Every structure is written in structure tokens, then in C-alpha cells.
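Could you walk me through this structure in my viewer, one selection after another? I would like to know what to pick next and what is there.

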Amino acid sequence: MPAATVVVAADRPAGHHFTGTFTLDPGSIAAGAREQETVAIPGVQVGDIVVVRNRTNPIALIVSAERVTAAGAIEFYLENNTAGALDQAASTYD
């Protein structure tokens with residue numbers, strides 16, 4: 001499981017806002033399929049809102065269904081909505 005780096009907690013009016021980055025090299029994803037990813041994010045708690053975006057190549061695979069699955073861990077899916085398999089190179093995510 002990749003781990004986020006440069007995680008920063010900043011006070012916000014409704015609580016904390018965590019930001020960080022991680023590198024992920026997903027496997028080949030078939031046309032119309034999706035792959036589940038899990039990443040360690042220190043400080044996140046079940047019930048927190050999570051947004052994941054691909055900073056390096058934002059249009060290759062679609063990020064969906066982000067959620068905190070346990071304290072310190074998030075889960076999301078990478079979806080391939082194209083007509084062919086995609087084997088994306090390692091990318092940086094926020």
C-alpha cells in the first residue's frame with residue numbers, strides 16, 4: 001500500500017483539512033474495468049471526506065468512489081472508460 005508524503009493538517013472553520021501527495025503505478029486495466037487502490041494517509045478518520053486527483057495525467061484513468069476505510073487509510077477506484085486496455089505509468093496523486 002503506497003503511503004502519502006508531505007501530509008499537512010491545516011485548521012479550517014469546520015475542523016482539519018489534510019493535503020498530501022503519493023505516487024501510484026497501477027497495473028493494466030482492461031477496457032470498461034476498474035481497479036481498487038488503497039493508500040495510507042496519516043490522520044484521516046472514518047467519515048472524513050476524501051478527494052483524490054491525478055496530478056500527472058488527469059485524463060488517463062478516472063478516479064471514483066473515494067472514501068476512508070479505516071483510520072489512516074483511504075480507498076478509491078481507477079476506472080478505464082475507454083475501448084482498450086490502459087497501462088498508465090507511475091503518476092503523482094493529490
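Start by selecting Ser91, which sits in strand β6, the stretch covering residues 91–93. Keep in mind as you go that this is a predicted model. Is Ser91 buried or exposed? Its relative accessibility is 3%, and because buried means under 20%, Ser91 counts as buried. Now show the side chain of Ser91 and look towards Ala89: the side chain reaches the backbone oxygen of Ala89 at 3.1 Å. Next, display what surrounds Ser91. Setting aside neighbours within four places in sequence, Ser91 is in contact with Phe22, Thr23, Leu24, Asn54 and Thr56.

**Zoom out to the whole chain**

Colour by secondary structure for this stop. The protein has six strands and zero helices, so read along the sequence the pattern is simply β-β-β-β-β-β. Of its 94 residues, 29% count as buried.

**Into the nonpolar core**

Hide the surface again and select Phe22, Val52, Ile74, Phe76, Leu78 and Tyr93. These belong to the largest nonpolar core, which has 15 residues, and they touch the most other members. Which strands each supply at least two residues of this core? They are β2 (15–24), β4 (62–70) and β5 (73–79). The largest share, three residues, comes from β5.

**Tyr93 and its surroundings**

Now centre on Tyr93. This residue is buried, with a relative accessible area of 0%. Leaving out residues up to four places away in sequence, Tyr93 touches Gly20, Thr21, Phe22, Leu24, Val52, Arg53, Asn54, Arg55, Val63, Leu78 and Gln88.

**The aromatic rings**

Show the rings next. The count of aromatic pairs comes to three. Begin with Phe22 and Tyr93: their ring centres are 5.5 Å apart and their planes lie at 5°, so the pair is stacked. Phe22 lies in strand β2 and Tyr93 in strand β6, so this pair ties together parts that are 71 residues apart in sequence. Both Phe22 and Tyr93 are buried.

Phe76 and Tyr93 form a tilted aromatic pair, at 6.2 Å centre to centre and with 40° between the planes. Phe76 lies in strand β5 and Tyr93 in strand β6, so here the parts tied together are 17 residues apart in sequence. Phe76 is buried too, with a relative accessible area of 0%. Keep all the rings you have picked on screen: ring pairs link Phe22, Phe76 and Tyr93 into a cluster.

**A charge over a ring**

For another view, select Arg34 and Tyr77. Arg34 lies over the face of Tyr77, at 3.7 Å from the ring centre.

**Last stop: Thr21 and Asn54**

Finish with Thr21, which lies in strand β2. Thr21 has 18% relative accessibility and counts as buried. Draw a distance line between the C-alpha atoms of Thr21 and Asn54: the two residues are 33 apart in sequence and 9.7 Å apart in space. Both Thr21 and Asn54 are among the residues touched by Tyr93, and Asn54 is also one of the contacts of Ser91, where the tour began.

Terms used
Residues are numbered from 1 along each chain as its sequence is written. This is a predicted model: local features need pLDDT of at least 70, side-chain atom pairs count only at pLDDT 80 or more; totals for chains, interfaces and linings use all residues. Side-chain values use heavy atoms; hydrogens and water are left out. Helices (H or I, at least four residues) and strands (E, at least two) are DSSP runs, numbered from the N terminus. Buried means under 20% relative accessible area, exposed over 50%, partly exposed in between (1.4 Å probe, protein chains only). A polar contact is a pair of N or O atoms within 3.5 Å; within protein, one must be able to donate a hydrogen and the other to accept it, and residues adjacent in sequence count only if both atoms are side-chain atoms. Contact means heavy atoms within 4.5 Å. A nonpolar core is a set of buried Ala, Val, Leu, Ile, Met, Phe, Trp, Tyr and Cys residues joined through side-chain atoms within 4.5 Å. Rings of Phe, Tyr and Trp (its six-membered ring) pair if their centres lie within 6.5 Å; planes under 30 degrees apart count as stacked, over 60 as edge-to-face and the rest as tilted. A charge sits over a ring if NZ of Lys or CZ of Arg is within 6 Å of the ring centre and within 35 degrees of the ring normal.
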